[in-house]
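Here are a few friendly notes to read alongside the model. Take them one at a time, and keep the 3D view open as you go.

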Amino acid sequence: MARFLKSKFFIIALLLAIVLVTVPSVLALMGQGSVVRNVLNVIATPFRFVITKTEESFEGFAMYFREFDDMHEENKVLRARLKELEEQVAKSEAVREENKWLYDYLGLRRLHPDYVFEAATVVGRESGNYMTVMTLDCGTANGIKLNMPAITSEGIVGYVSEVGLTWCKVSTIIETATSVGAYVERSGEIGVVKGDYSLKNQGYCQMSYLSTDSDIKVGDRIISSGIGVVYPRGLLIGTVTEIVPDAASRTLSAHIEPAVDLKDVSRVMIIKDFAGYTEEPADTAE
Amino acid sequence: MNSQRSPITWQKLTRKSIVWSLWLFAAALVQTSVLSRYQPFGVVPEIVLPCVIAIAIHDGERSATICGIIGGLIIDSLGSGGFSASAVVYMLLAVAAAFLTYSVLSRDFLSWAIATVFALAVCNVVSSIYAGISVGAPFFEYLGRTFFRYIFSSFIFSLPFYVVTRLIWRRFFNNREMEG
């Protein structure tokens, strides 16, 4: 090793290295580039250009996959967010419906301060195109008794025809066994609204025993008269859609479309007490 | 160390120098264009010095001397500005590695690994001193922050370059001018 370190080759090389280090450094400190540095960088530039372009190509290729992964991840996040928002919308829709129902309920309370209500939800329906009997989620435990009227803010739904501890069944006004004392709001003509087998499938009921000279027209509103023990006076039953003569009895019958959409009703109010209410049972409501 | 010089002509030495220069130039391009951009492990890995060490181990002290100077010169020209003494540092480290190989170590991967880690450590210390002098960086803080990452990163990324250096040597110059 000592021989090599003392050799001309090594000494010259070392001196050359020192010169090659010192001269460019001094030139650089003076703000001038050295020839060696300049030449090497000139040679390197095209290679660097090619390397950079190749690198960028690979980067673009890799970017595609990175972006795909990012988009996939973003898609997952957005889907989750969408689901969350859909749930919120569904909840707000339910809240809106409940709000409307409570608003209507409040209106009824103001209109009829003597009514004692029990709110109930429809939890079951009789199968068929037009529901004539529906099951509610309250019963004797809530103070519900037979023949109590069930209504909504739109009008009469029916009456409690069967009651259990936590449930009850309501027969709607289109049920054949139902009859309600009623009058025509415009003219005061009185009659009885009953369920009719042939009309119930259309969702209608019938006002019978109207004299042939009765003042009744299509579009007239029919109101409960309060005659009987089930329904209080002044509740809307429905609207006249058709007037037909009854040849056998020589009277008129009017087809009534109930004010309440019995197909879609989901919440009702059962009137537990009202002025004039008696607890006498009535076999067919009124 | 008893060394026996094999007949080597200047022509041969020049040919070797050109081949190794091109290889070191390629390594420097990768180091200064690609690795300096991505800085794996937070540092720019050193590729040229491990290549110089590999040449020194396999090709002897003359090649080590020349390649040390050329490697240092290339890396200083392409990779830094201002004062730089890589040519001298690389040359001395390469000569040291060549002599260590012939006296203590052997011409294999383990020898290269040991010599490379030692050379990188020295180089990092020199860089820390230079950083302290040129920009006033605290020596120990700079050294502590970069030391292990620099050695690890440089060693990992220079592995393929070691393989290629060895292949070049086997293909073209497998007749050393000095045997230990």
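1. Let us begin with a term: two strands pair if DSSP finds at least two bridges between them. Keep in mind, too, that this is a predicted model. Now look at chain A, where strand E3 (residues 149-152) and strand E4 (residues 155-163) run antiparallel and are joined by 4 bridges. Within this pair, Ile151(A) stands opposite Ile156(A), a residue of E4(A).

2. Where does the pair E4-E3 of chain A sit in the closed barrel? The barrel has 6 strands with antiparallel pairing, in the order E1-E2-E5-E4-E3-E12 (chain A), so you can follow it around by eye from E1. On average, and with direction ignored, neighbouring strands of this sheet are turned by 45 degrees against each other.

3. Next, turn to the place where the two chains meet. Here 23 residues of chain A are in contact with 22 residues of chain B. On the chain A side, helix H2 (8-29) and helix H3 (35-111) are the elements that give two or more residues. H2(A) gives the most, with 11 residues. By class, the residues on this side of chain A divide into 17 nonpolar, 3 polar and 3 charged.

4. Now for the interior. In soluble globular proteins, nonpolar side chains tend to be buried together. The largest nonpolar core in this model has 53 residues, and among those that touch the most other members are Leu24(B), Val48(B), Cys51(B) and Ala94(B). Which elements each supply at least two residues of this core? They are H2 of chain A together with helix H1 (10-38), helix H2 (48-79), helix H3 (86-103), helix H4 (109-135) and helix H5 (139-172) of chain B. The largest share, 18 residues, comes from H2(B).

5. Leaving aside its neighbours within four places in sequence, Ala94(B) is in contact with several residues, including Val52(B), Ile53(B), Ala56(B) and Gly68(B). There is also a second, separate core of 45 residues, which includes Ile156(A), Tyr204(A), Ile222(A) and Ile223(A).

6. Finally, how do H2(B) and H3(B) pack? Their axes are 7 Å apart, and the angle is about 175 degrees. Angles over 145 degrees count as roughly antiparallel, and H2(B) and H3(B) are therefore roughly antiparallel to each other. The contact of H2(B) with H3(B) has 21 nonpolar, 7 polar and 2 charged residues.

Terms used: Residues are numbered from 1 along each chain as its sequence is written. Chains are lettered from A and ligands numbered from 1 in the order in which they are written. This is a predicted model: local features need pLDDT of at least 70, side-chain atom pairs count only at pLDDT 80 or more; totals for chains, interfaces and linings use all residues. Two residues are in contact if their C-beta atoms, placed from the backbone, lie within 7 Å. Ala, Val, Leu, Ile, Met, Phe, Trp, Tyr, Cys and Pro count as nonpolar, Asp, Glu, Lys and Arg as charged, and the others, Gly among them, as polar. A nonpolar core is a set of buried Ala, Val, Leu, Ile, Met, Phe, Trp, Tyr and Cys residues joined through C-beta atoms within 7 Å. A residue is buried if 20 or more other C-beta atoms lie within 10 Å of its own, exposed if 12 or fewer, and partly exposed in between; C-beta atoms are placed from the backbone. Axes are lines fitted to C-alpha atoms, for helices over the stretch in contact, and angles run from 0 to 180 degrees between N-to-C directions. Angles under 35 degrees count as roughly parallel, over 145 as roughly antiparallel, 65 to 115 as roughly perpendicular and the rest as oblique.
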